[in-house]
Amino acid sequence: MAESIVSGAAAPPPGAPSFSYLAVFSNCPLVAAVLAFAIAQSIKVLTTWYKENRWDAKQLVGSGGMPSSHSATVTALAVAVGLQEGFASSLFATTAVFASVVMYDAFGVRLHAGKQAEVLNQIVYELPSEHPLAETRPLRELLGHTPPQVFAGGVLGFAVATFTAMIAGLGS
């Protein structure tokens, strides 16, 4: 009895799904979303290199900039779910609403929070050195996206999801 516990559990019943970490790579919506995020962040690194002639690895994980990786990620997820499950499915509706909220937040709330941080940083910078807040660490200013950055991210996400679905053979 002790040997059977140590050697492992009983085999799964016939027809039961088997567990594999590699199965995640066959999840088209997840692959499309992660790929869209990676491409968007990589574009930011290349853009910084092109504009400023320097490599900035922080762009791989930073927020803000062109294109919006948040928009690319959620659009790729929604489109891939629509292609896999059908655009009339409840799951597509859920991901489409999720994508809309994330994209609205990117160019609405987060963009304005970044602008407020910019103003607050300027106020703190102009404080006399003896003021208790004069040594306050600056707030992050690049938080959100402009509408063109969000749109570009959405287009990128759509393209990545469509390409990923074609490779996976969805919609045929």
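Trainee: At what angle do helix α2 and α3 cross, and within what distance do their axes come?
Mentor: In this predicted model, where local features need pLDDT of at least 70, side-chain atom pairs need 80 or more, and totals for chains, interfaces and linings use all residues, the axes of α2 (residues 28–52) and α3 come within 8 Å and cross at roughly 155 degrees. Residues are numbered from 1 along each chain as its sequence is written, and side-chain values use heavy atoms, without hydrogens or water. The two helices (DSSP runs of H or I, at least four residues) are therefore roughly antiparallel (an angle over 145 degrees) to each other.

Trainee: Which residues make that contact?
Mentor: On the α2 side they include P29, A33, F37 and K44, and on the α3 side they include S69, A72, A76 and Q84, where contact means heavy atoms within 4.5 Å.

Trainee: And how is α3 placed against α4?
Mentor: Helix α4 (residues 90–107) packs against α3 at an angle of about 170 degrees, with the axes 9 Å apart, and that makes α3 roughly antiparallel to α4. Among the residues in this contact are S71, V74 and A78 of α3, together with F92, A99 and M103 of α4.

Trainee: Let's switch to S71: is it buried or exposed?
Mentor: S71, which is found in α3 (residues 69–85), has 0% relative accessibility and so counts as buried, a term that means under 20% with a 1.4 Å probe.

Trainee: Which side chain has a polar contact with S71?
Mentor: The side chain of S68 does, at 3.0 Å.

Notes
Buried means under 20% relative accessible area, exposed over 50%, partly exposed in between (1.4 Å probe, protein chains only). A polar contact is a pair of N or O atoms within 3.5 Å; within protein, one must be able to donate a hydrogen and the other to accept it, and residues adjacent in sequence count only if both atoms are side-chain atoms. Axes are lines fitted to C-alpha atoms, for helices over the stretch in contact, and angles run from 0 to 180 degrees between N-to-C directions. Angles under 35 degrees count as roughly parallel, over 145 as roughly antiparallel, 65 to 115 as roughly perpendicular and the rest as oblique.
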